[in-house]
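These are my notebook entries on a single structure. I set down what I looked up, entry by entry.

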Amino acid sequence: MIIETIISSINDDGKVNFAPIGIYVPDNTQKLLDVKEMEIFLYPGSKTFNNLKATKIGVVNFTDDILSFVDTALFSFILPSLPSHMVLSPRMADANMIWEFMVTFFDDSTEPARVKCKILCAKEYAGFTGFCRAHCVILEAIIAATRLQFISATRIEKSWPLWQEVVNRTGGLREFQAFSKVTDYFIQNGIVLPIN
């Protein structure tokens, strides 16, 4: 099972990076606080790849703030942070839950690199806030935006009307802001969107 998160990591100089990363947990996972290991797949050249290869530590930040996903995925935004409990990488200040982790296996002989991690500390700060369908389609739009070199413009243009309809029907102010930023990003990258 893949869970969309934001990973915070640091380089050798202590510079922080926040990046949305899908983490792999066992398919039978029911309680995230009980998970002891996870796996991630990273592409060479990304800051998270370089940071985890160098420092071997990071923090998985679980959040339902969709604007944080947009800002970190598309604009390399540095989120407000707080010190972690057991690792040097800071955690998101507004994370609902965190996993501080250590890399136990890093195989960059394949692309993407396969990275296994041991969870050193798991903390919950805020409970479940409910599902918002707008979040799901905005996440799909963000993933498409980060893969423009692999996804055809036609595919994005065909998906756009449904994404827009779901956000308009089910989103709130932050969802509208997030979707607007994704829209602008696509337009700046030459995607012609059927905007209503």
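Entry 1, conventions. I take helices (H or I, at least four residues) and strands (E, at least two) as DSSP runs, numbered from the N terminus. The model is predicted, so I noted that local features need pLDDT of at least 70 and that side-chain atom pairs count only at pLDDT 80 or more, while totals for chains, interfaces and linings use all residues. Residues are numbered from 1 along each chain as its sequence is written, and side-chain values use heavy atoms, with hydrogens and water left out.

I looked up Ser76 and found a positive phi of about 50 degrees, although Ser76 is not a glycine. Ser76 sits in the loop between H2 and strand E5 (81–82). For accessibility I use these classes: buried is under 20% relative accessible area, exposed is over 50%, and partly exposed is in between (1.4 Å probe, protein chains only). Ser76 has a relative accessible area of 48% and is therefore partly exposed. I then turned to Lys56, another residue other than glycine with a positive phi, here near 65 degrees. Lys56 belongs to the loop between H1 and E4. Its relative accessible area is 33%, so Lys56 is partly exposed.

I recorded a cis peptide bond between Glu111 and Pro112, with omega at about 0 degrees. Pro112 is placed in the loop between E7 and E8.

I count a salt bridge where a side-chain nitrogen of Lys or Arg is within 4 Å of a carboxyl oxygen of Asp or Glu. How many salt bridges does this rule give? The count is 5.

I began with Lys53 and Asp108, whose closest N and O atoms are 2.4 Å apart.

I next examined Arg174 and Asp65, for which the closest N and O atoms are 2.9 Å apart. Because Arg174 lies in helix H5 (residues 173–188) and Asp65 in the loop between strand E4 (57–62) and helix H2 (66–75), the pair ties together parts that are 109 residues apart in sequence. Is Asp65 buried or exposed? Asp65 counts as buried, at 18% relative accessibility, whereas Arg174 is partly exposed, at 40%.

I then listed Asp71 and Lys181, whose side chains meet in a salt bridge at 2.6 Å, N to O. This pair links distant parts of the chain, with Asp71 in helix H2 and Lys181 in helix H5, 110 residues apart. Asp71 is buried, with a relative accessible area of 10%, and Lys181 is partly exposed, at 32%.

I define axes as lines fitted to C-alpha atoms, for helices over the stretch in contact, with angles from 0 to 180 degrees between N-to-C directions. The axes of helix H4 (residues 153–170) and H5 come within 11 Å and cross at roughly 165 degrees. H4 is therefore roughly antiparallel to H5; the classes are roughly parallel under 35 degrees, roughly antiparallel over 145, roughly perpendicular from 65 to 115, and oblique for the rest. I noted the crossing of H4 and H5 as left-handed, the term for a near helix turned anticlockwise from the far one by less than a right angle, with clockwise giving right-handed.

I located Ile7 in strand E1 and found it buried, with a relative accessible area of 0%. Ile7 and Phe18 are 11 residues apart in sequence, and their C-alpha atoms are 5.6 Å apart. Ile2 also lies in strand E1 (residues 2–10) and is partly exposed, at 45% relative accessible area.

I then looked up Thr104, which is in strand E7 and partly exposed, with a relative accessible area of 49%. Between the C-alpha atoms of Thr104 and Glu39 I noted a separation of 9.9 Å, the two residues being 65 apart along the chain.
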